[in-house]
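Here is a short briefing on the fold and contacts of one model. Read it alongside the sequence and coordinates.

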Amino acid sequence: MFKLPIVFCISMLMLAGCATPTRYIDPAADDGPVTMTMDYRDFEKAATEAVDDMLASGAVSKPNGERYIMVVSRVTNDTMQRIDTDQLTKKIRVALLRSGKVVTTTAVGLDGAEDEMSARVRELRDSEEFDQAGVQRKGTLIAPDLSLSGKILQRNHKAGKEQQVEYYIQLSLTDLATGLATWEVETPIIKRGPNDSVSW
Amino acid sequence: MRFQKQIIAFSCALALAGCAIQPPAETAAAIDREQLQIDPEVNYFVAVTELLSQRIAQPGGETLLQIQYAIEARSNGDLAWKVTWFDPNGMVVKGVGEGYRKVSLLTGQTRYFTATAPHARVTDYQLHLREPQQ
């Protein structure tokens, strides 16, 4: 009578023992399988190539040696996946900041400021509760010189018994004084895999 | 007299100990780092035919280190590459990420790859070519 539950329990324990254990992945030594969707390696590749090209082009080097102020504009996700485009733009921002050539403003953005605190702390002016010596003065925020915008595209194709998924990461850097795109890049990421794998 | 000799001997011993060679502090100049590292698994099917470097002038007056290398494939295969950048003190200068870039090569094909240093203070680099595991 108890045989069946015991056999069941033993089977479950054995199966649990065979399961792949959860483990940390080191991005510097990740040879894991490729996914049809965009993963962190794709964003890293696109950001590396973009920053490489941006620095080499001289588009982010101010002639007087000062730093440019950049604002992140819209990066449209035109793929079948739910992508937070910050995964891409943050890597670019961090690398440009480290390069010493560009600093990003968080005080202005298309959908409002990325960090609303720059405006909120200015509401403390004339507040009797705050020492006015520490309150930000008028005219201290710095307007951006450059704007980073872009688009991530996805195209799916049948390739024989396989499917081919093409991603195109397009980025532009606009000089806000002139409205001219002073630097542009397109990074294609092409993947081919079995038809039963999903790319959304 | 006997004490005098002992004091002189002791003083000489101390002086000699002071002159002993101290282990040199590890400096950038002391690090003998290879600029090109190729894993044996890759070496059998590709040959690095060029490894060039130059400093490219920037509008602000700074220069950035840029490298270019060429590889010729003796057979079809994949490899992964990464450049690590170093400042004059031999310290690593971070780039965008730490991952390797994967490339596929066809027999007889020669491909050229370039990489630009993430900061003007980069003076040295190490290029590593390895076989992707998958």
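Chain A holds an open sheet of five strands in the order β2-β1-β3-β4-β5, with mixed pairing. Two strands pair if DSSP finds at least two bridges between them. Helices (H or I, at least four residues) and strands (E, at least two) are DSSP runs, numbered from the N terminus. The model is predicted: local features need pLDDT of at least 70, side-chain atom pairs count only at pLDDT 80 or more, and totals for chains, interfaces and linings use all residues. Residues are numbered from 1 along each chain as its sequence is written, while chains are lettered from A and ligands numbered from 1 in the order in which they are written.

- The edge strands of chain A are β2 (102-104) and β5 (180-194), each pairing on one side only.
- Neighbouring strands are turned by 30 degrees against each other on average, direction ignored.
- Axes are lines fitted to C-alpha atoms, for helices over the stretch in contact; angles run from 0 to 180 degrees between N-to-C directions.
- Strand β4(A), residues 162-175, runs antiparallel to β5(A) and is joined to β5(A) by 14 bridges.
- Gln164(A) stands opposite Arg192(A) of β5(A).

**Helices on the sheet**
- Helix α2(A), residues 40-57, lies across β4 and β5 of chain A, at about 150 degrees to β5(A).
- Helix α3(A), residues 86-99, lies across β1, β2, β3 and β4 of chain A, at about 135 degrees to β2(A).
- Contact between two residues means C-beta atoms, placed from the backbone, within 7 Å.

**Helix pair**
- The axes of α2(A) and α3(A) come within 9 Å and cross at roughly 35 degrees.
- Residues of α2(A) that meet α3(A) include Phe43(A), Ala47(A) and Leu55(A); the α3(A) side includes Leu88(A), Ile92(A) and Ser99(A).
- This contact divides into 10 nonpolar, two polar and two charged residues.
- Ala, Val, Leu, Ile, Met, Phe, Trp, Tyr, Cys and Pro count as nonpolar, Asp, Glu, Lys and Arg as charged, and the others, Gly among them, as polar.

**Interface with chain B**
- In chain A, 25 residues are in contact with 21 residues of chain B.
- α2(A) gives the most to the chain A side, with nine residues.
- That side has nine nonpolar, seven polar and nine charged residues.

**Phe130(A)**
- Phe130(A) sits in the loop between α4 (117-120) and β3 of chain A.
- Phe130(A) is exposed, because 12 other C-beta atoms lie within 10 Å (exposed means 12 or fewer).
- Leaving aside neighbours within four places in sequence, Phe130(A) is in contact with Leu124(A) and Val135(A).

Key
Buried ≥ 20, exposed ≤ 12 C-beta atoms within 10 Å, placed from the backbone.
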